[in-house]
Amino acid sequence: MALEKGQAKPSEESKPSAETEMAQGTPTTAPTPSWFTPKRLLVIFCVINLINYVDRGAIASNGVNGSQGTCTKSGTCTSGSGIQGEFNLSNFEDGVLSSAFMVGLLVASPIFASLAKSVNPFRLIGVGLSVWTLAVVGCGLSFDFWSITICRMLVGVGEASFISLAAPFIDDNAPAAQKTAWLAIFYMCIPTGYALGYVYGGLVGSHFIWRLAFWIEAALMLPFAILGFVMKPLQLKGFAPTESSKALAEVETAALEVQEAAVGNDGAASTKEKFWDKSSCEPATVKVATKISNQVARFMKDLKVLLLEKVYVINVLGYIAYNFVIGAYSYWGPKAGKNIYNMSDADLIFGGITVVCGIFGTLGGGFVLDFMTNTITNAFKLLSVTTFFGAIFCFSAFCFKSMYAFLAFFAVGELLVFATQGPVNYICLHSVKPSMRPLSMAISTVAIHIFGDVPSSPLVGVLQDHINNWRETALILTVILFPAAGIWFIGVFMRSVDRFDEESEHRVIATDRTNRTPLLEGKMAQTTRSTAEV
């Protein structure tokens with residue numbers, strides 16, 4: 001249709017950009033649907049988590065871990081098997097090996113969480129998984145105790161990026177009414193991975209060589225590590241995208257040029273010359289040191305803010321007490337069951353109970369909280385109730401003399417206790433600002449291990465050495481679940497605010513969650529949009 005007289009033809013400069021339309025709320029063309037949907041993102045994260053915990057189970061399995069060589073009084077000796085037999089490890093060294101990954105995990109988790117503010121978190125996951133893959137290959141190539149111990153520490157470094165950042169990504173992409181259920185599905189992979197690792201390590205170690213188990217794990221993880229680099233960067237809620245940082249730098253540069261023009265060419269040139277002289281004379285080491293110092297200062301500032309969040313602190317304190325018991329159960333449970341009830345297959349029985357109750361309990365806790373309406377107060381209610389009644393059933397189980405009564409009550413207790421995984425991590429994610437979520441997950445992970453499952457196993461061992469009665473030891477350990485339930489019950493009465501939609505330090509343009517930009521965006525899609533604009 002021809003333009004009316006006097007009507008000017010609209011120029012390209014007058015057309016609002018896509019960013020302007022989004023900021024003003026003007027509807028834009030819906031992006032092309034992508035194969036890489038939020039549900040598939042959840043599946044990928046679950047597979048990665050599963051592989052990670054298969055590795056944990058495999059290194060503890062009889063097929064991979066093996067046993068020491070033995071000699072009889074008559075002088076007949078048999079060689080050992082697996083890692084322990086080949087490297088002639090003592091039980092203490094073998095115990096160090098199983099927990100060596102914790103060193104890398106505890107050191108690297110806060111670092112990755114802090115870097116998430118300046119580096120795209122999805123790229124950090126790619127870096128972490130690459131380190132994990134190389135470290136697992138190194139485990140298969142190790143030649144003595146120290147070489148495999150260092151590789152296990154690096155496995156923890158690689159795991160740190162994923163553990164700190166995966167949960168916030170899932171929380172961002174999950175439907176509002178199913179956030180806890182999605183988190184529960186993710187954390188369900190922990191007991192499942194452990195159990196599969198026992199079976200997998202036993203099969204590979206008995207039929208082939210123990211080193212092959214690590215190489216297969218690395219091959220399975222490699223595609224996900226590559227995906228972290230080739231995939232279009234996925235932005236976490238509460239963080240400014242890389243493009244925004246570049247745009248801000250360009251605006252600051254333009255403002256500086258305008259200021260120079262206003263002051264005068266001579267003065268501006270003199271100022272600019274002084275600036276560059278100062279910058280060029282500054283040693284590279286000083287620049288690096290300044291950058292590191294700024295990162296540390298930012299981390300300490302964020303950590304102070306996090307520790308002043310009372311709801312978060314109460315949640316983590318309850319989690320520490322809970323993990324103290326669960327960690328000792330996983331390590332000493334089969335031995336206690338064998339001594340108290342003379343179980344012939346204690347490993348298989350306790351492993352089976354843990355897998356079944358872990359899967360159904362974790363999923364059940366997530367779905368129940370979503371059914372109740374996922375709020376922080378409801379999460380505390382569910383945590384306190386399930387932990388309290390779970391403690392009653394577990395305590396009662398160890399009081400029975402019948403093995404079958406013990407197994408029935410202990411299974412119900414474990415089912416209730418495992419229901420905490422979704423709600424407790426929901427509180428960690430929603431009690432802080434979006435930009436603080438990676439750090440909150442990292443500090444939570446560090447705290448529950450340092451004060452929870454790491455010291456619980458040796459302390460329970462000391463207690464058993466002192467009283468020499470596994471039933472009494474198990475009862476004393478189980479009592480600690482009651483303080484955990486009490487701490488979480490305090491959270492019900494605290495003033496809590498869901499900060500998921502709170503404005504963060506970087507303003508991020510809101511988009512329609514039903515029409516997401518494809519995470520894997522090819523050149524064809526870009527060409528199509530460019531043609532449409534013309």
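Visitor: How far is the sulfur of cysteine 46 from the closest cysteine sulfur?
Guide: The model is predicted, so the distance is computed from predicted atoms. The closest cysteine sulfur to that of cysteine 46 belongs to cysteine 189. A disulfide needs the two sulfur atoms within 2.5 Å, and this pair is too far apart for a bond, at 4.1 Å.

Visitor: Does cysteine 46 count as buried or exposed?
Guide: The limit for a buried residue is under 20% relative accessible area. Cysteine 399, at 44%, is partly exposed. Cysteine 46 has a relative accessibility of 10%, so the class for cysteine 46 is buried.

Visitor: Which residue does arginine 152 form a salt bridge with?
Guide: A search of the whole structure finds two salt bridges. In one of them the closest N and O atoms are 2.7 Å apart, against a limit of 4 Å. The partner of arginine 152 there is aspartate 55.

Visitor: How many residues apart are aspartate 55 and arginine 152?
Guide: Aspartate 55 lies in helix α2 (residues 38–60) and arginine 152 in helix α8 (residues 145–173). Both residues are buried. The pair links distant parts of the chain, with a separation in residues of 97.

Visitor: Which helices hold glutamate 159 and arginine 56?
Guide: The side chains of glutamate 159 and arginine 56 meet in a salt bridge, 2.5 Å from N to O. Glutamate 159 is buried at 2% relative accessible area, and arginine 56 is buried at 9%. The pair ties together parts 103 residues apart in sequence, because glutamate 159 and arginine 56 lie, in that order, in helix α8 and helix α2.

Visitor: Which helix gives the most to the nonpolar patch on the surface?
Guide: The patch is formed by Val127, Leu222, Ile226, Phe229 and Val230, with about 440 Å² of accessible area together. Isoleucine 226 is partly exposed, at 45% relative accessible area, and is found in helix α10. With four residues, the helix that gives the most to the patch is α10 (residues 210–230).

Visitor: What share of the contacts in the protein with a separation of 6 or more is between residues 24 or more positions apart?
Guide: The secondary structure comes to 22 helices and two strands. Of the 534 residues, 45% are buried. Among contacts with a separation of 6 or more, the share from residues 24 or more positions apart is 81%.

Methods: Residues numbered from 1 in each chain as written. Predicted model: local features only at pLDDT ≥ 70, side-chain atom pairs only at ≥ 80, totals over all residues. Heavy atoms only, no water. Buried < 20%, exposed > 50% of the residue type's maximum accessible area, 1.4 Å probe, protein only. Patch = residues over 30% accessible without salt bridge, like charges linked within 9 Å, V, L, I, M, F, W, Y side chains within 5 Å. Areas by Shrake-Rupley, 256 points an atom, 1.4 Å probe, with all protein chains shown as cover. Contact = heavy atoms within 4.5 Å.
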